[in-house]
Amino acid sequence: MVAAAAVHAASDDSAGLAVDFQGVSHQYDLDGQPLPVLRQIDLAVAPGEFVALLGPSGCGKSTLLRLAAGLERPSSGEVLADGTIVARPDPSRVLVFQDPTLFPWRTVRDNVAIGPEARGVLAGSQKRIDDALRLVKLEAFASAFPHQLSGGMAQRAALARALVNDPRLLLLDEPLGRLDSLTRLTMQEELLALWRQAGYTVILVTHDVEEALLLSERVIVLTERPARIKAEVAVDLPYPRRRDDPRIVAQRQHILEILGFSA
Amino acid sequence: MSAAVDKDAGEKSVSSAFAGPVWKHGLYAASAWLLAAIVTVAFPDVVPWGSRDVFVALLVAGAVVLAGLAFGVEKLGGFGRGLIHYGPWLIALGLWFALWELITAKLGWMPKPFFSPPHGLLHVYIVDWQRILICIAYTARLWTIGFFSGIIVGFIGGVALGWSKTFAYWGMPVLKLIGPVPASAWIPATFFLFPTTFLASLFLVALASGIPVAILTASGVNSVNRSFYDVARTLGASSRYLVLRVAIPAALPHVFVGLFMGLYYSFAVLVVAEMLGAKYGMGWYLQFQTAYSAYANVYAMLIIMALLCSGLVKLLFVVRDRLLGWQKGVVQW
């Protein structure tokens with residue numbers, strides 16, 4: 001808790017980034033054939049909001065995150081961050097992948113240090129790196145190599161690597177998808193706690209309806225590829241939420257129906 | 001897994017190596033060495049080889065040391081454990097010396113100019129050590145300059161080929177064409193393309209060691225997980241950072257495979273290059289002594305070469321283990 005406050009002390013007023021997808025379409029080139037993955041996405045995410053993107057696998061959810069991160073430019077339309085066009089990656093908008101993608105040749109601590117090191121501010125960031133490790137409860141594993149970590153620990157290290165940069169927008173691409181169900185529950189609580197302390201904007205891609213409902217303030221349901229926005233569901237419930245809350249159960253039913261599962 | 005097996009084997013040999021506090025293998029080895037000494041002194045040589053008495057003195061000294069160690073080897077720490085591990089080898093070595101003396105110098109069973117008893121080899125070191133040292137120095141100079149310039153150019157070229165599409169477009173076809181040609185095939189051309197034989201040999205050694213490093217570095221950089229670049233870019237990395245801190249460390253396991261290949265190729269080419277038109281050097285020495293039917297000298301030099309080459313390979317293993325320690329657990333060695 002103290003560590004969390006320290007990491008985010010400087011970001012009180014400007015914690016969250018406003019993200020605006022304006023008529024975003026995107027296509028990939030597959031063996032010379034254009035493969036459209038996103039079609040006319042209009043979505044405004046408020047500063048500090050927690051939004052979940054839900055849709056069938058392979059529908060283009062991850063592409064939306066890559067565009068928001070600035071790893072790619074959309075084929076048409078624009079992604080705006082606080083009103084500025086997103087043209088390149090920036091450490092204020094950090095993407096956490098489904099795989100932890102820790103660099104195997106670096107210790108946990110050196111992995112967390114990548115952001116400050118890449119920006120040439122490593123010397124002044126030692127304390128922040130320690131804070132970030134403490135925040136994800138990995139301080140005892142600072143000098144361990146990634147292959148010595150469990151799946152949940154590796155994903156927490158990846159999270160620390162993102163958080164140490166004091167992001168204003170956290171893009172989570174199914175970060176819990178590969179974890180066992182118990183670790184997953186713990187990590188969901190931790191993600192929520194971190195967000196509520198720090199106040200950054202979160203866009204979470206998931207294909208788990210329950211996860212979306214437990215964590216986010218708004219669920220965006222996408223169609224099959226090429227993805228369009230099919231429905232928006234506001235989740236106006238206080239935290240912490242319980243999965244057996246009748247309102248959650250009802251909304252889960254509702255979203256499953258939107259996705260085409262009638263049960 | 002394999003470590004556990006080794007440990008078991010080690011413990012077994014330790015338990016049979018001792019009788020109470022006495023290192024039995026040490027005593028056996030001392031007796032074997034003494035036996036070799038007795039065989040060497042007791043029977044006359046069919047032809048004189050020289051340095052027989054020095055060899056006997058060394059064997060007796062070895063036997064005395066081994067007999068002494070039999071009662072105190074455990075006090076020597078790591079070195080002592082190494083000795084205990086190689087105890088059976090020390091016994092076999094003594095027996096081999098005795099047998100070797102018998103079939104060469106004593107009975108003359110082995111055809112004469114081609115085979116030499118151990119004290120014949122010792123005689124070479126005693127008589128010809130200056131020339132041998134000069135040859136080692138010449139070879140070391142050629143190998144060091146050739147190998148290191150080769151791997152440095154190969155590594156830098158490999159990174160460029162793996163990283164830059166333009167480099168790959170122009171460089172890869174050339175590398176693929178030239179790469180499979182054995183470096184020794186260039187010998188006739190290089191000896192008139194270069195002003196001196198030294199430069200020609202240098203080029204051959206550099207070529208032999210550089211090409212595998214270039215090919216494997218390029219393929220290593222090429223096969224780096226793309227997500228590593230994405231991660232680094234979202235965290236604010238520049239292209240320079242992506243090359244130096246992502247591509248190169250990720251490619252290092254491949255680079256080391258190339259280095260090992262280059263090391264072996266460099267030895268092969270080194271000796272061949274020295275046999276052609278060099279004035280000194282270990283390859284030259286082999287060639288020169290063979291021409292004079294001085295086979296003892298040839299064997300003496302071969303032993304030195306074996307020690308030097310395997311020493312360099314061992315050194316590269318040590319460097320790799322230092323740099324790629326993180327791979328333990330990721331890859332089965």
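Student: What do the side chains of B:Asp230 and A:Arg66 meet in?
Tutor: They meet in a salt bridge, 2.8 Å from N to O; that term needs a side-chain nitrogen of Lys or Arg within 4 Å of a carboxyl oxygen of Asp or Glu. The model is predicted, so local features need pLDDT of at least 70 and side-chain atom pairs pLDDT 80 or more, while totals for chains, interfaces and linings use all residues. Residues are numbered from 1 along each chain as written, chains are lettered from A and ligands numbered from 1 in written order, and side-chain values use heavy atoms, without hydrogens and water.

Student: How many salt bridges are there between chain A and chain B?
Tutor: Two.

Student: And how much area is buried between the chains?
Tutor: About 1,900 Å², with 70% of that from carbon and sulfur atoms. Buried area is the accessible area (1.4 Å probe) that two parts lose on being put together, summed over both.

Student: Which three residues of chain A supply more of its buried area than any other three?
Tutor: A:Phe103, A:Trp105 and A:His147, which give 31% of what chain A buries against chain B.

Student: How many residues does each chain put into the contact?
Tutor: Chain A puts in 26 and chain B 19, with contact meaning heavy atoms within 4.5 Å.

Student: New topic: which residues of H11(B) and H12(B) touch?
Tutor: B:Val271, B:Glu274 and B:Met275 of H11(B) meet B:Met282, B:Gly283, B:Trp284, B:Leu286 and B:Gln287 of H12(B).

Technical notes
Helices (H or I, at least four residues) and strands (E, at least two) are DSSP runs, numbered from the N terminus.
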